[in-house]
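Hi,

Here is the structure I promised. My notes follow below it.

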Amino acid sequence: MSYPYQIKSLEEYNSAYKKSVEDPEKFWADIAENFTWKNKWDKVLEWNFKEPKIKWFINGKLNITENCLDRWAESQPDTPAIIWEPNDPESHRRKFSYKELLLKVMQFANVLKNNNVKKGDRVCIYMPMVPELAIAVLACARIGAIHSVVFGGFSAQSIADRIQDAECSLVITADGAYRGNKTIPLKAIIDDALVRCDSVKKVIVLTRVRTPVSMIKGRDTWWEDEIQKVESEGNPYCAAEEMDAEDMLFILYTSGSTGKPKGVVHTCGGYMVYANYTFVNVFQYQPGDIFFCTADIGWITGHSYIVYGPLSAGATSLMFEGIPTWPDAGRFWDIVDKHKVNIIYTAPTAIRSLMAYGPDFIKDKNLGTLKVLGTVGEPINEEAWHWYHENIGKKKCPVVDTWWQTETGGIMISNLAGVTPQKPAHTTLPIPGIQPVLINEKGEIAEGNNTSGNLCIAFPWPGMLRTTYGDHERCRMNYFATYDNLYFTGDGCLRDENGFYRITGRVDDVLNVSGHRIGTAEVENAINMHTGVVESAVVGFPHAIKGLGIYAYVIFNGIHHDEDLTKQDISQTVARIIGAIAKPDKIQFVNGLPKTRSGKIMRRILRKIAEGETHNLGDTTALLDPAVVEEIQKGKL
Ligand code: WT7
């Protein structure tokens, strides 16, 4: 096996990039030729960013699982597709060859069919990081059901919102999940969510921790029993549903600056080509390499670089159930040693946290198999970059700093490992096919090098979102209405003297906390639901491990019996409404918030105070009541 479209040198990168801009349709068609299509496309691309309308590989027919499974089960049946490392290092690890994984996927696809799931139906998946999660995802794709994976850290309320928005008819979950030394009662959380989800007819429950769970007659059924049923039916085969390139493959919810999380929609053909192309090129994957992405499949990183990217490339994907710091802070390096990992892909927040535990946890680990290190999720500071490069990569492994988003489907700006230049804290150059543009404060395109602006993309790429589920106008407003004819990313960006890109962070009211995206408005709404809270304002502040922490200013007119307990109650409310990941790090009670005469909260000032700025709060002339600011500054935590 080889990848004819794998870029091998800087010259090849330059020529691929040039071709991708001069003739994007030919460029992507040549790559798409390397996949299994049931029917070729008649036209490569139709688009406008006004509506927006984006269509790739028009009238192309395929099933992504034939590309991820069948073709490899045929040509390399015994190659491991998924290697699974459990939470508990002492317990049994599992391996699935391509042949075995295909069988498991077909089997579970038949379970879904037995439970009346049809092409186009939405299925919510709320599961631990076990192989059955990947199997469930692929089984949906096999029969053309649209999966909506919800990360195991979200609350019942958040799940309910997502299930209702997509009108899911079936939920796949487990009794519980192991996470370090804790167990999380997944089924009980689903039960709470389902109190308000009429669309759900069936719940399939995998046994993982064997904690007691309620099982409702007619609705809830065990994974294992369902498998037994299809086994007794005696037909292990399940045909891959023929899908149009533009049929929906999945929905993944993500936060924005306003309102509830939106369901980002990806489609079958373009997403597959893009996840595969970026996987093969950014990480320079070679057949036989063990690829370890530490993300959870509940996030886009797991969708694209645990499941679809690696499997569509016939690669070996290592999937890990646990957390980086349990049983100790050497867990990742243990896994690298044990499984002879060649490529590791993780997040700056994990790197910073492991860095803080010191070098002892690396000392006795053999990291010599590593060839490439990757990072994603937030800007990586130079210190963390160097620590990763020196201590983990022993200065021999290129570090790929990969910038992208849930909406982009795959990596957009990144060096290609060992092929294009790297620079600490810089994502460097765009992937072929990606046309970045920086827009300055005047709304004009910032030309040339040594400049900065809001990062936009000027031309469609196959992996981009097509819509936000059930609300196309929201998609237009969010991404295509800020600037004419451009996709707006929400990120600020610098372009250095070499033309290398450096992402500076969000320019909207979205926080990036430990690489997770959280809307300030969402957190405020949750805080405001707590009894006694009148109003709140949430901003980010620099946090040594998380990148950004959450700082909440809260006007509270209830009775505090104990101020500290009230703060914990507020945090608990946020955990209930959104999930533990959105709990504020700091809560400051205030008597008023800085507002303009028209009543708009001046977050800019609150952000400065939270960042520790004492003098220069910027332009405060619009403030209605300057005394409010003084009071807030006095009470800063
Ligand atoms: C936001 C997207 C895409 C997978 C993980 C997060 C930030 C992502 C980088 C990077 C600087 C980065 C951006 C982006 N981001 N990667 N390498 N350098 N910032 O996905 O939840 O959709 O968040 O993460 O701010 O907009 P997401």
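Start with the aromatic cluster: ring pairs connect Tyr3, Tyr5, Phe27, Trp28, Trp37, Trp41, Trp56, Phe57, Tyr274 and Tyr277. Rings of Phe, Tyr and Trp (its six-membered ring) pair if their centres lie within 6.5 Å; planes under 30 degrees apart are stacked, over 60 edge-to-face, the rest tilted.

Before the rest, the ground rules. This is a predicted model, where local features need pLDDT of at least 70, side-chain atom pairs count only at pLDDT 80 or more, and totals for chains, interfaces and linings use all residues. Residues are numbered from 1 along each chain as its sequence is written, and side-chain values use heavy atoms, without hydrogens and water.

There are 43 aromatic pairs in the structure. In one, the ring centres of phenylalanine 292 and phenylalanine 332 are 5.9 Å apart with planes at 80°, so the pair is edge-to-face. Phenylalanine 292 lies in strand β16 and phenylalanine 332 in helix α11, 40 residues apart (helices, H or I, at least four residues, and strands, E, at least two, are DSSP runs numbered from the N terminus). Both phenylalanine 292 and phenylalanine 332 are buried (under 20% relative accessible area, 1.4 Å probe, protein chains only).

Charges also meet rings. The charged end of lysine 40 sits over the ring of tryptophan 41, 5.8 Å from its centre (NZ of Lys or CZ of Arg within 6 Å of the ring centre and within 35 degrees of the ring normal). For arginine 162 over phenylalanine 154, the distance is 4.3 Å.

Now the ligand. A nitrogen atom of the ligand is 2.8 Å from a side-chain N or O atom of aspartate 401.

Best wishes

Definitions and conventions: A polar contact is a pair of N or O atoms within 3.5 Å; within protein, one must be able to donate a hydrogen and the other to accept it, and residues adjacent in sequence count only if both atoms are side-chain atoms. Buried means under 20% relative accessible area, exposed over 50%, partly exposed in between (1.4 Å probe, protein chains only).
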